[in-house]
Amino acid sequence: METVKQETLLEIDNLNFSFKTQRGLVRAVRDLSITIKKGETLTLVGESGCGKSVTAHAINQLNPMPPGRVDSGRILFNGIDLLQLKKGEIEKMRGTQISMIFQEPMTALNPVFTVGSQIADVFMTHQGMGKDEAMARAVELFHLVKIPAPERRIHAYPHQLSGGMRQRAMIAMALASPEPGLMIADEPTTALDVTIQAQILDLLGDLKQQIDMSILLITHDMGVVAEMADRVVVMYAGRKVEESDVNSIFNDPRHPYTLGLLNSLPSNPKYKQAKRLEAITGTVPDLLTIGDGCPFANRCAYATDICRSSFPSMSEINKDHSVWCHNHESVKREKAQ
Ligand code: SF4
């Protein structure tokens with residue numbers, strides 16, 4: 001594992017984010033604090049609806065406001081509070097220092113322009129290049145993301161490329177900034193088949209080495225976490241429930257939800273014996289009716305009375321590993337048996 005530089009690039013400090021709906025206030029992210037260091041890959045992991053994408057979109061001010069609103073907190077990027085930036089300022093930040101790749105590039109790429117012209121547009125808008133120079137840089141980026149025959153492919157429209165190729169084009173666009181400090185990748189491989197998924201993950205890993213950027217990777221797939229992460233934050237129902245370096249999360253998971261995610265991996269030895277995947281029973285609770293207790297209590301085999309009335313405070317397992325669970329010692333004991 002690469003040695004991670006210690007300087008903090010992004011700090012989310014006690015973020016609370018909610019959506020006003022006709023049924024009431026949905027608290028999508030609660031009391032969330034995370035940091036990403038320069039050169040580090042942090043994965044945010046959890047099921048749909050756990051607050052991962054809302055968090056990622058809050059960094060770039062991409063959540064619809066209203067109905068979204070920041071209730072409290074700060075998001076510091078190189079010391080600048082992104083939540084305080086005006087529209088033009090955050091747009092400039094998105095084009096120069098923070099980039100984003102999405103699960104389905106067709107929703108992010110404009111279908112009526114060639115992919116090359118869309119990448120060139122970023123160079124022209126944010127770096128003042130002329131069209132010829134910008135197109136030449138687009139070709140260079142297509143080389144970098146290993147798109148075959150880049151001189152020809154930059155003239156393709158998004159629908160003329162395969163899913164994997166479109167995702168590579170999206171990554172090229174994300175790199176079309178003078179100093180790509182942070183790349184936010186929101187489920188970048190979920191829509192791809194497994195062989196293409198592996199290629200895209202390899203590409204992101206290679207680029208991180210070459211370009212010296214940090215990656216915030218959002219995923220529900222612990223296999224992707226194992227491949228990419230330096231550190232892991234597990235989220236559930238809008239809250240952080242476990243945070244660790246990648247080795248500890250696989251070797252010593254302490255939150256029952258993390259354990260459930262790991263047990264549902266095909267590589268899990270229990271699966272190999274039983275020939276069936278373990279599922280986490282039940283579903284994510286309705287965020288409108290969630291109480292003050294642990295939101296995982298209705299699905300948790302370790303739940304006790306206190307779990308239903310109070311959300312646990314942080315327990316430090318070691319300096320790199322923390323968990324929010326009343327009964328994490330029971331999880332440890334059971335795993336040891
Ligand atoms: Fe389960 Fe209680 Fe831990 Fe929540 S706090 S994960 S309900 S044991």
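I began at threonine 43, which stands opposite leucine 217 in β8. I noted at the outset that I am reading a predicted model.

Looking along the pairing that holds this contact, I found that β3 and strand β8 (residues 214–219) pair in the parallel sense over five bridges. I then turned to strand β9 (residues 231–236), which pairs with β3, again in the parallel sense, over four bridges; there leucine 42 stands opposite arginine 231.

Next I asked how many residues of strand β3 (residues 41–45) are buried. Five of the five are, so the strand is largely enclosed by the rest of the structure. As for directions, I saw Thr41, Thr43 and Val45 pointing one way from β3, while Leu42 and Leu44 point the other way.

I went on to the largest nonpolar core, which has 58 residues, and looked up which members touch the most others: they are Leu10, Ile59, Ile75, Leu82, Leu182 and Ile184. Apart from that core lies another of 41 residues, including Ala138, Leu141, Leu175 and Leu204. I recall that in soluble globular proteins nonpolar side chains tend to be buried together. Taking isoleucine 75 and leaving aside its neighbours within four places in sequence, I listed its contacts, among them Leu10, Leu15, Ile59, Ile80 and Leu82, but also Glu11 and Asp81.

Last, I checked threonine 114, in the loop between α3 (105–108) and α4 (115–127). Is threonine 114 buried or exposed? Its relative accessible area is 14%, and because buried means under 20%, threonine 114 counts as buried. Not counting residues up to four places away in sequence, threonine 114 touches Ile154, His155, Ala156 and Tyr157.

Technical notes: Residues are numbered from 1 along each chain as its sequence is written. This is a predicted model: local features need pLDDT of at least 70, side-chain atom pairs count only at pLDDT 80 or more; totals for chains, interfaces and linings use all residues. Side-chain values use heavy atoms; hydrogens and water are left out. A nonpolar core is a set of buried Ala, Val, Leu, Ile, Met, Phe, Trp, Tyr and Cys residues joined through side-chain atoms within 4.5 Å. Buried means under 20% relative accessible area, exposed over 50%, partly exposed in between (1.4 Å probe, protein chains only). Contact means heavy atoms within 4.5 Å. Helices (H or I, at least four residues) and strands (E, at least two) are DSSP runs, numbered from the N terminus. Two strands pair if DSSP finds at least two bridges between them.
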